[in-house]
Amino acid sequence: MFRDSFGNALLPFMADAYSSAYFSRGVPYQMSEVDEKNADTVIVERAERFLPEMAQSPPEIWTMCKA
């Protein structure tokens, strides 16, 4: 799960929902971490105030997934 500080409230729920979970606050998002962890689910959690920024400049992970 790539997250910002608002993701703190979700950590216990996400950790309980999966047998193994990885959380990162690193920006830009590193697709290599997804591959290294052999993830089957990727979640990007950002505060609503970042939606206009994300619409103008999509995170790198999204552009890589389109390829």
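Biologist: Which residues does Arg3 touch, not counting those up to four places away in sequence?
Modeller: Keep in mind that this is a predicted model. Arg3 sits in the segment before H1. Leaving out residues up to four places away in sequence, the ones Arg3 touches are Asn8, Leu11, Phe23, Ser24, Arg25 and Glu45.

Biologist: Which side chain of opposite charge is nearest to Arg3?
Modeller: Arg3 is buried and yet has no salt bridge. A salt bridge would need a side-chain nitrogen within 4 Å of a carboxyl oxygen. The nearest side chain of opposite charge is 6.1 Å away, and it belongs to Glu45.

Biologist: Then which side chain makes a polar contact with the side chain of Arg3?
Modeller: Look through the residues that Arg3 touches, which include Asn8 and Leu11. At 2.6 Å, the side-chain partner in the polar contact is Asn8.

Biologist: How far apart in space are Arg46 and Arg3, C-alpha to C-alpha?
Modeller: Arg46 is in the loop between H2 and H3, while Arg3 is in the segment before H1. In sequence they are 43 residues apart. In space, C-alpha to C-alpha, the distance is 6.0 Å.

Biologist: Is Arg46 buried, partly exposed or exposed?
Modeller: Its relative accessible area is 24%. Buried means under 20% and exposed means over 50%. That value falls in between, so Arg46 counts as partly exposed.

Biologist: Over the face of which residue does Arg46 lie?
Modeller: Not counting residues up to four places away in sequence, Arg46 touches Asp4, Tyr29, Glu53 and Met54. The ring to look at here has its centre at 4.0 Å, and Arg46 lies over its face. That ring belongs to Phe50.

Biologist: And what is the length of the polar contact that joins the side chains of Arg46 and Tyr29?
Modeller: Tyr29 is among the residues that Arg46 touches. Their side chains are joined by a polar contact, for which the cut-off is 3.5 Å. The value is 3.4 Å.

Biologist: How many aromatic pairs does the structure hold, and is the pair stacked, edge-to-face or tilted?
Modeller: The structure holds one aromatic pair. The rings are those of Phe2 and Tyr29, with centres 5.0 Å apart and planes at 45°. Planes under 30 degrees apart would count as stacked and over 60 as edge-to-face, so this pair is tilted.

Biologist: How many residues apart in sequence are the parts that this pair ties together?
Modeller: Phe2 lies in the segment before helix H1 (11-17). Tyr29 lies in the loop between H1 and helix H2 (31-36). The pair therefore ties together parts whose separation in sequence is 27 residues.

Biologist: Are Phe2 and Tyr29 buried or exposed?
Modeller: Phe2 has a relative accessible area of 4%. For Tyr29 the value is 3%. With the cut-off for burial at under 20%, Phe2 and Tyr29 are buried.

Biologist: What about Glu33: which side chain of opposite charge is nearest?
Modeller: Glu33 is found in helix H2. Leaving aside neighbours within four places in sequence, Glu33 is in contact with Phe2, Tyr22 and Ser24. Glu33 is buried yet has no salt bridge, and the nearest side chain of opposite charge, 7.7 Å away, is that of Lys37.

Biologist: On to the backbone: is the peptide bond from Val27 to Pro28 cis or trans?
Modeller: Pro28 has its place in the loop between H1 and H2. The omega of the bond from Val27 is near 5°. That makes the peptide bond cis.

Biologist: Which residue has a positive phi although it is not a glycine?
Modeller: Go to the loop between H2 and helix H3 (51-56). With a phi of about 55°, the residue is Asn38.

Biologist: Last one: what pattern does the chain follow along the sequence?
Modeller: The chain has four helices and zero strands. Read along the sequence, the pattern is α-α-α-α.

Methods: Residues numbered from 1 in each chain as written. Predicted model: local features only at pLDDT ≥ 70, side-chain atom pairs only at ≥ 80, totals over all residues. Heavy atoms only, no water. Phe/Tyr/Trp six-rings, centres within 6.5 Å; stacked < 30°, edge-to-face > 60°. Helix = DSSP H or I, 4+ residues; strand = E, 2+ residues; numbered from the N terminus. Buried < 20%, exposed > 50% of the residue type's maximum accessible area, 1.4 Å probe, protein only. Lys NZ or Arg CZ within 6 Å of the ring centre and 35° of its normal. Lys, Arg positive; Asp, Glu negative; His and termini not counted. Polar contact = N/O pair within 3.5 Å; in protein donor to acceptor, adjacent residues only side chain to side chain. Contact = heavy atoms within 4.5 Å.
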